[in-house]
Amino acid sequence: MDYKTRFVDVILPLPVSGTFTYRLQRKHNEAIAIGKRVVVQFGRKKIYTAIVAKVHEKVPDAYDVKYILDILDDAPVIRGYQLQLWYWMSDYYMCELGEVSNAALPGGLKLASETRIALNRNAAPEPEFMNHKERTIIEALTCQGPLTIAEISNILNQKKVMHLVRNLIERSLVITQEQVKEKYSPKIETYVRLSKEYEDGEKMKQALDALEKRAYKQLQMLLSFINLSRNTQDAERKEIKKSTLIKSAGGSHAQFNSLVDKGILSTYEKAENRIPVQKAIRKPSDIVLTAPQKETLHGIHAAFDQKDVILLHGVTSSGKTEIYIKLIEEMIRSGKQVLYLLPEIALTTQVIRRLTKYFGSSAGVYHSRFNQMERVEIWGQMLREENPLPLVLGARSALFLPFSNLGLVIIDEEHDTSYKQYDPAPRYNARDTAIYLARLFGAKTLMGTATPSFESYYNGLTGKYGLVRLQERYGNIELPKIRIVDLRKDHMTSKKRSHFSSVLLNEIERSLKDDKQVILFQNRRGFSLRLECSHCGHIPMCVHCDISLTYHKYQNHLRCHYCGYHSPVPSRCPECGSKEIFMKGFGTEKIEDELNSFFPRARIRRMDLDTTRSRYSYQQIISDFESRRIDILVGTQMITKGLDFNDVDLVGIMNADNMLTFPDFRAFERSVQLMLQVSGRAGRKHRRGNVFIQTYHPEHPVFKDVLNHDYVSFYHAHITERETFKYPPFYRLISLKVRHRDQDVMNRAADALGSGLKKTFGKRVLGPEYPLVTRIKNQYIKQILIKLEKSASVTFSRNAILECVNDLMETQEYKRIQIQIDADPL
């Protein structure tokens, strides 16, 4: 039989263009398959995990082909449809395949090489020509063998060691090596069992008698083991963890080891799932739908007969989740899988608890707060040939999981901007990507929200999507009563206390007396938005970004919310020396601080990015609020998203003006969505809630629709402006940001790129212009916006844009320019 040389095209997890071809060794010919991970050398030294995208016999003629080093998997970890999704995302969002691969794969599946420093055995070190630290490095390498940079840093007890290592490399005393490091390792748990000979009753009696006389603590541990290992219902022995036994007995590892040494107990190891298994405590059939819910469910079924994508427009607290549960049950019974997407990890906490009540271990959870090991295990459960997870809940990254038989995608709060990935690439919208994913399977997509995005609502009204409405709250509870508070009046009559109107303070006091809870919304974190000198007007600015620093009282420093730079609070103005430095603006931290002064007996918590950085912080705050351990919850927009609390009687919106005056064509849409969503947290169960919106501009036209909970009227009043000024949903937007450390170079590059684009797209190109923040992380920025007709070819537009970008990058002066392309920016 003639041997044919075979090749593979692989996707590397790097921002490089296209796929790369490698050659197969004969021993790998039978084992290779599309979707498997292979180890390849890229460049001179670096080693990466790559995904096989194609197997073929075509010999590349442009370069010498390297061999793959190894195949990592017995079976593919990527399914064929996932590669289709990756290619589509790369094309539509104008990014590299490697960037999509990097976003899609959990870190635990990415094997990469690690640089280690080793002695050059062909060189003869001369200690007299080395300083003390260089000699220490050489001695450590001689004794311990190759070391990482981090290990050398620890040995020398200093952070910066690269200059020392570089000197040794230049003198040929040390060399670099690349060592492949596997990131994933299973969780191994040690279990305990009774040795076989001691299962005999007489032998056990002898052991107990001996221990009673000589080792009473060991006796207690053995008795504890016997109690734990017996199941009182069926009298069968069950598995006992070593850690559980030691904790139960109140003993020590030494006492346990003595029982093992005596041959009474033995141990064995077992790989365990890191994700705890939940048990279902209710059945979906236990849910009794109201008449409006039944009508809506029937409407969804009817619409699915005609359309693959449906928008469910249901007011807040209308019971959309119960309808979702019924649809999930139907889909699982038919043998299909369901993907339930949520915009925020904060929101997943409540929804996960509700759904696991009904679906137990059938429901898997996947989001970025899971560590890499946990994410790999969920990935593995989805790859199982038998009994893969039928239901997955998660944030946007969950759509990358390897589904095998997807039947339904639910996109909750579809309007939410958190579905958009901003940095790094791919800058995708999970809502739109999930619709394409469903199409690959021939699956259905259901999007639900009380405040639809203009794009989705337009598609619903024009017939592209099915449209189903649910306009009645669960239990026929009235929508909250919304009132506008004119801050100008309180300011003129001196009734306003700091940032609180007298009306809002009185209502908070009333709610607390009635034993109800309060939510206060302010879409700014920190204590004060900026400091300002009253004499010269100086405002402390970030040294890396063109933005003022925000004051954070808890840390007592000024911080940049773009790059993380922070500095101490000045006691005097650095420009004029004045001590009269005042705080301007306010954030959630200041509201929390002032509430503690106004209501010292109330239990007040804050929910924003600063208080939810740890893994379980969201869950803890939400749990405390649900269980009435918090009276007043202050937060940013993460408290507006679908959270369900029984005893919230009052919602206060501290400052509606900063949302309405933001310079963006979507400002009114987002403001109304946020106001209606946070209002929907009030009065969800027992009685009608109250909402107070503070503003200096009560005459603003959007407040009329907010007061009436009339999102449809708001949509119709503003959709014509979108068409007039060529914005979505009538046009498609593509944004290009040009970034560079040198402002002059950036300006020239932006002008050149803009000119090139205008040759193809003409007046559809706007800019280049400076954005609101003109410099971030020491890089100056200009932005170009392209408005394309919906009928314009995606492929033609993509190719034309990338051609202009590539032409620019080939110019020597602009090789270090960064260009970020964002299709459908939000």
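In helix α18 (residues 588-598), the buried positions are T588, E589, K590, I591, E592, E594 and L595, where buried denotes under 20% relative accessible area, exposed over 50% and partly exposed in between (1.4 Å probe, protein chains only). Helices (H or I, at least four residues) and strands (E, at least two) are DSSP runs, numbered from the N terminus. The model is predicted: local features need pLDDT of at least 70, side-chain atom pairs count only at pLDDT 80 or more, and totals for chains, interfaces and linings use all residues. Residues are numbered from 1 along each chain as its sequence is written, and side-chain values use heavy atoms, with hydrogens and water left out.

The buried residues of α18 pack against α17 (502-513), β20 (517-521), β22 (550-552), β26 (604-607) and β27 (632-635), contact being defined as heavy atoms within 4.5 Å.

With a disulfide taken as a pair of cysteine sulfur atoms within 2.5 Å, the count is zero. C536 takes part in no disulfide, and the nearest cysteine sulfur, that of C573, lies 3.6 Å away. C536 is partly exposed, at a relative accessible area of 41%. The sulfur of C560 is 3.7 Å from the closest cysteine sulfur, in C542, which is too far for a bond; C560 itself is buried, with a relative accessible area of 1%.

The lining of the second largest pocket comprises 21 nonpolar, 11 polar and 15 charged residues. Here Ala, Val, Leu, Ile, Met, Phe, Trp, Tyr, Cys and Pro count as nonpolar, Asp, Glu, Lys and Arg as charged, and the others, Gly among them, as polar.
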